[in-house]
Amino acid sequence: MAKILIAYYSRKGQNYVNGSIKNLAKGNTEFVAEFIQKAVGGELFEIDTVKNYPVDYTECTNVAKVEIQQKARPELKKYLPNIDEYDKIYLGYPIWWSVPPMAVSTFLEHYDFSGKKIIPFATHEGSGLGGSVSYIKKIVPNAEVASGLAIHGADAKNSQAEVTNWAKKF
């Protein structure tokens, strides 16, 4: 039986939700990650940066844009001791400027994903998966990368049935 990892980056605090800024106690991507764990089991791992992003949503998006332009790799607070024990990795993130936050790139580049199955899932406010799947395939060319799931961020809290049906396909 395959050992499953659900690695995700999620933004708490100010988020863009249906056209306005709302303060979220829990990030949208974290809800989806927890629904996946309930559906298929596995270990949750939160990708988190040493340096916090600005609390203000607009400032955060500006920092994210600069990080993408500079191909930044923010330092992470922690890493898994060993990725080798996992066969399937559900990888979650919000869409920032059409791609995952650069912290996800830091995570992906830290390990050898050769022969592993990466199953992306993203939360968004209108862009779907953006260019994130092709972006991930470029970073981990020796992994099998599934087509992925996009959940509208404002609907994340209520997406358990959809997420469960999707997650069980893998």
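Me: How many aromatic pairs does the structure hold?

Reply: The structure holds twelve aromatic pairs, where rings of Phe, Tyr and Trp (its six-membered ring) pair if their centres lie within 6.5 Å, and planes under 30 degrees apart count as stacked, over 60 as edge-to-face and the rest as tilted. This is a predicted model, in which local features need pLDDT of at least 70 and side-chain atom pairs count only at pLDDT 80 or more, while totals for chains, interfaces and linings use all residues. Residues are numbered from 1 along each chain as its sequence is written, and side-chain values use heavy atoms, with hydrogens and water left out.

Me: What kind of pair do Tyr9 and Tyr53 make?

Reply: Their ring centres are 6.3 Å apart and the planes stand at 80°, so Tyr9 and Tyr53 are edge-to-face. Tyr9 is in the loop between strands E1 (4–8) and E2 (13–17), and Tyr53 is in the loop between strand E4 (43–46) and H2, so the pair ties together parts 44 residues apart in sequence; helices (H or I, at least four residues) and strands (E, at least two) are DSSP runs, numbered from the N terminus.

Me: Is Tyr9 buried or exposed?

Reply: Tyr9 counts as buried at 5% relative accessibility, given that buried means under 20% relative accessible area, exposed over 50%, and partly exposed in between (1.4 Å probe, protein chains only). Tyr53 is buried too, with a relative accessible area of 10%.

Me: Switching to H2, which of its residues are buried?

Reply: Cys60, Thr61, Ala64 and Glu67 are buried in H2. Seen down the helix axis, the buried residues of H2 fall within an arc of 120° (taken from the directions from the axis to the C-beta atoms), so they line one face of the helix.

Me: What do those buried residues of H2 pack against?

Reply: They pack against helix H3 (102–110), with contact meaning heavy atoms within 4.5 Å. The face of H2 turned away from its buried side carries the exposed residues Gln69 and Gln70.

Me: And which residue caps the N-terminal end of H2?

Reply: Asp56 does, through a side-chain oxygen that lies 3.1 Å from the backbone nitrogen of Thr58; a polar contact is a pair of N or O atoms within 3.5 Å, where within protein one must be able to donate a hydrogen and the other to accept it, and residues adjacent in sequence count only if both atoms are side-chain atoms. After H2 comes Lys71, whose phi is positive, near 55°.
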